[in-house]
Amino acid sequence: MSRSIGTRRLGAAAVVAALALAGCTGPDPTPGEGDPATGASPPPRNEAEPGRAAVRDPRPSDLVLPTGDEGLAEPVPVDSPDQPNLLMITLDDAAWGDMVHMPRLQELLVDEGVTLRGALAPNPICVPARSSLMTGQHSHNHGTWNTTEEAGHGLGALDESETLAVWLQEAGYDTFFLGKYPNGYEDGTVVPPGWTGWRGLVDPTTYNFVRPTVSVDGVEQRFETYSTTLLSEQSEEMLRDPARAEDPWYMWLNYVAPHHGGPDAPDDPAVLYPDDPDPVKTTTPAPRDVDTFADLALPDTPNMFEEDVSDKVLVRPTQRTVPADRRAQMTEAHQQRIESLQSVDRALGRTIETLEETGQLDETYVVLTSDNGYTLGAHNLEGKLWYFREMVGVPMYVRGPGLDAGTTSTAPVTNVDWAPTFAALAGARPTAEVDGVDVLPWIGSDAERRVVPIEAYPVKRGRKRLYRGVVVGPWTYVQNRAGRAEVYYREVDEWELEGIAGDPRYADQVARLKKLVRRTSSCAGEQCPSTYYR
């Protein structure tokens, strides 16, 4: 390729001296949880009582944020091509623990790229998270708070003329979309603005893994090809087009796996599996992958099916006891989720191979992430939406020019950041105010902390947030609309087993976090935190 003029980039955030602050199917994003649908906040069975939590005494180093200029992280300049190619690959409802079962991902992104261990989805549910990837804005600014239109804040609330694809197209990029658009894309004759090539899955067949309907540049076509395979084939065709060598391109490739879904004919025995549990929802693996993980157990982490939940005061389902039969059903669902990711793993391998064979790999940034995290059993929960690390934390990897292969970054990166990052790489100008930052100079830095606002809203009805909070490195503070709070410090409590909201030993840190929530929960643009700390 001829586009190889390099630029050395620090990003706008590098000049900031200090912080002035000193899934997805709509009705049922979290199986078994009623509160997010209605917005109701009934009192849980147990209240966390003030007193000593089962964690060590705080130390002088247990600060929310370091003080003074010596605590600021140092950005690392990245040599990037002029207008590189940009490939965003998103999974649906994938969790960090799922990634170890994807060998090609381990080889092509872990070994050859950067693992972003501090990655977050500030609103961990489908439509809001994907809208943040498109706009570089938090949910309270882009307006898509929910997965359905019932509350008036689903896809219909998004201004699709103010998105990354539009900005990049105006900067001279060819832009391509394949796969799952935010929930609510039902008219396949409509192509949203900004896309040179469009292959959008049409609802309600988006979750039909075996007979999807695809809008091919505004013409609906029905396929009888497994969804992941189909999207992989179509993306490969686009990437091999000789025109890709002429202009820079951006591709957003959205796989549905491991989200639950299946065929649209429930009486068709050819596509149903007798071990599908009910009522736990399952995905549909490719035929070659069925039962290949039949012996896989659920993760054996300390917070799985947590028994002492007296500190969990915001989410009622944490208070339940999960019986053995339900755990068995969740185990089967977990196995099928991993099985469905095998086809994605193969597709990833084909994509990287195609880029290499066509001479495009060295000038392409590849990002792989999920719209939100997911759990089957942590803190007795199923699904997403909530603020625990399994849900708000998302798997995220990046490889490309100027990045050190085989490294791990602790810099907090969110799905709000990739639109401004890609715009900066492309020399594109956002036409709307963005809340995220250009993260590329921070990925290789010593950054470990940044104030990240988090939030979630009722799925079906209601406009008041279920919770608002912040994640600051190892600290998480959340409060509901009544002001009741939960606080976790993963430095001393990795699995968020012991909330410290009422622990007098940590009163200073809790008060500091509460102030940060007040100052950032409605931030917009330059008011949103952008400073990175060591």
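**View 1. The largest nonpolar core of the predicted model comprises 49 residues.** Leu86, Tyr250, Trp418 and Phe422 are the members with the most contacts inside this core. Helix H9 (residues 418-426) supplies the largest share of the core, six residues. A second, separate core contains 40 residues, among them Leu87, Leu108, Leu178 and Tyr226.

**View 2. Surroundings of Tyr250, one of the residues with the most contacts inside the largest nonpolar core.** With neighbours within four places in sequence left aside, Tyr250 contacts Leu86, Met88, Leu164, Leu168 and Tyr173, together with Asp174, Thr175, Phe176, Trp195 and Phe422. Two of these partners, Leu86 and Phe422, are likewise listed with Tyr250 among the core residues with the most contacts.

**View 3. Helix H9 is mostly covered.** Eight of the nine residues in H9 are buried. The buried positions are Trp418, Ala419, Pro420, Thr421, Phe422, Ala423, Leu425 and Ala426. Just after the helix, Gly427 adopts a positive phi of about 70°.

**View 4. The contact between helix H6 (residues 227-240) and helix H7 (residues 324-357).** The two helix axes come within 10 Å and cross at roughly 5°. Since angles under 35 degrees count as roughly parallel, H6 and H7 are therefore roughly parallel to each other. On the H6 side, the contact involves Thr228, Ser232, Ser235, Glu236, Leu239 and Arg240. These residues meet Ser343, Val344, Ala347, Arg350, Thr351, Thr354, Leu355 and Glu357 of H7. By class, the H6 and H7 contact includes four nonpolar, six polar and four charged residues.

Key:
Residues are numbered from 1 along each chain as its sequence is written. This is a predicted model: local features need pLDDT of at least 70, side-chain atom pairs count only at pLDDT 80 or more; totals for chains, interfaces and linings use all residues. Side-chain values use heavy atoms; hydrogens and water are left out. Axes are lines fitted to C-alpha atoms, for helices over the stretch in contact, and angles run from 0 to 180 degrees between N-to-C directions. Helices (H or I, at least four residues) and strands (E, at least two) are DSSP runs, numbered from the N terminus. Angles under 35 degrees count as roughly parallel, over 145 as roughly antiparallel, 65 to 115 as roughly perpendicular and the rest as oblique. Contact means heavy atoms within 4.5 Å. Ala, Val, Leu, Ile, Met, Phe, Trp, Tyr, Cys and Pro count as nonpolar, Asp, Glu, Lys and Arg as charged, and the others, Gly among them, as polar. A nonpolar core is a set of buried Ala, Val, Leu, Ile, Met, Phe, Trp, Tyr and Cys residues joined through side-chain atoms within 4.5 Å. Buried means under 20% relative accessible area, exposed over 50%, partly exposed in between (1.4 Å probe, protein chains only).
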